[in-house]
Amino acid sequence: KTLSLHMRNQKLALQARADTEELAKKWAAAVKSHAGRAISKSLPPGWDVEAMLSSGVGGSAAKLVNKELLPSTCNPVFQKLLDHCFVCKSTKDRRGNTVPLRLEIVDAVRVQNGAAWMEYSKARTRICEKVFENNEWLKQSLDSA
C-alpha cells in the first residue's frame, strides 16, 4: 500500500500511502507514465522507454536500461564489422599465450542506457559550447546560414 519514489543522485525519497493495493498500483502506473513522457524527450527516437522503466528481464528500471536481443539475421552484418576491425596482434600481456585469429559473433544485443545517453548528451553540449566560445567566427557563420 506504499508507493516509494527514490530521487536519483539524492538521499531523498517520497512515500505515499494508499488505502488499497489497487490504488497504489494506479498511482505507480501514473507516475511511470508521466516519467516516461518526461524522459523520452531527452532520449533518441525509437528507444523503448516503457521497457526501460519496467523491471523486466535484461533491464533495470533504477538505471533506465533496456537490453534487447537482436534477431540472428543481424549477426552477419556485425560479423563483417568485427572482421574488418579486429587485429590479430600479440601484446606484452599475452607472453607465450596464443592470440585469437578471429572473433565470432554469437549474439547481438541492443543496449539502451538512458543514464549514459543523458551524460553523453550533456558532455556533447558542453563541448559544443566550448567550441563556439573559442571560435566566435564559427558561431557567426552558423548563425548567418
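The largest nonpolar core consists of six residues: Ile-39, Leu-43, Val-49, Met-52, Leu-53 and Leu-64. Helix H2 (residues 49–53) supplies the largest share of this core, three residues. A nonpolar core is a set of buried Ala, Val, Leu, Ile, Met, Phe, Trp, Tyr and Cys residues joined through side-chain atoms within 4.5 Å. The model is predicted: local features need pLDDT of at least 70, side-chain atom pairs count only at pLDDT 80 or more, and totals for chains, interfaces and linings use all residues. Residues are numbered from 1 along each chain as its sequence is written, and side-chain values use heavy atoms, with hydrogens and water left out.

- Leu-43 touches Val-49, Met-52, Gly-114, Trp-117 and Met-118, not counting residues up to four places away in sequence; contact means heavy atoms within 4.5 Å.

**Asn-75**
- Asn-75 belongs to helix H3 (residues 75–85); helices (H or I, at least four residues) and strands (E, at least two) are DSSP runs, numbered from the N terminus.
- Asn-75 counts as buried because its relative accessibility is 15%; buried means under 20% relative accessible area, exposed over 50%, and partly exposed in between (1.4 Å probe, protein chains only).
- The side chain of Asn-75 reaches the backbone oxygen of Val-106 at 3.3 Å.
- With residues up to four places away in sequence not counted, Asn-75 touches Ile-105, Val-106, Asp-107 and Ala-108.

**Val-111**
- Val-111 is located in strand E4 (residues 109–113).
- Val-111 has a relative accessible area of 45% and is therefore partly exposed.

Notes
Polar contact = N/O pair within 3.5 Å; in protein donor to acceptor, adjacent residues only side chain to side chain.
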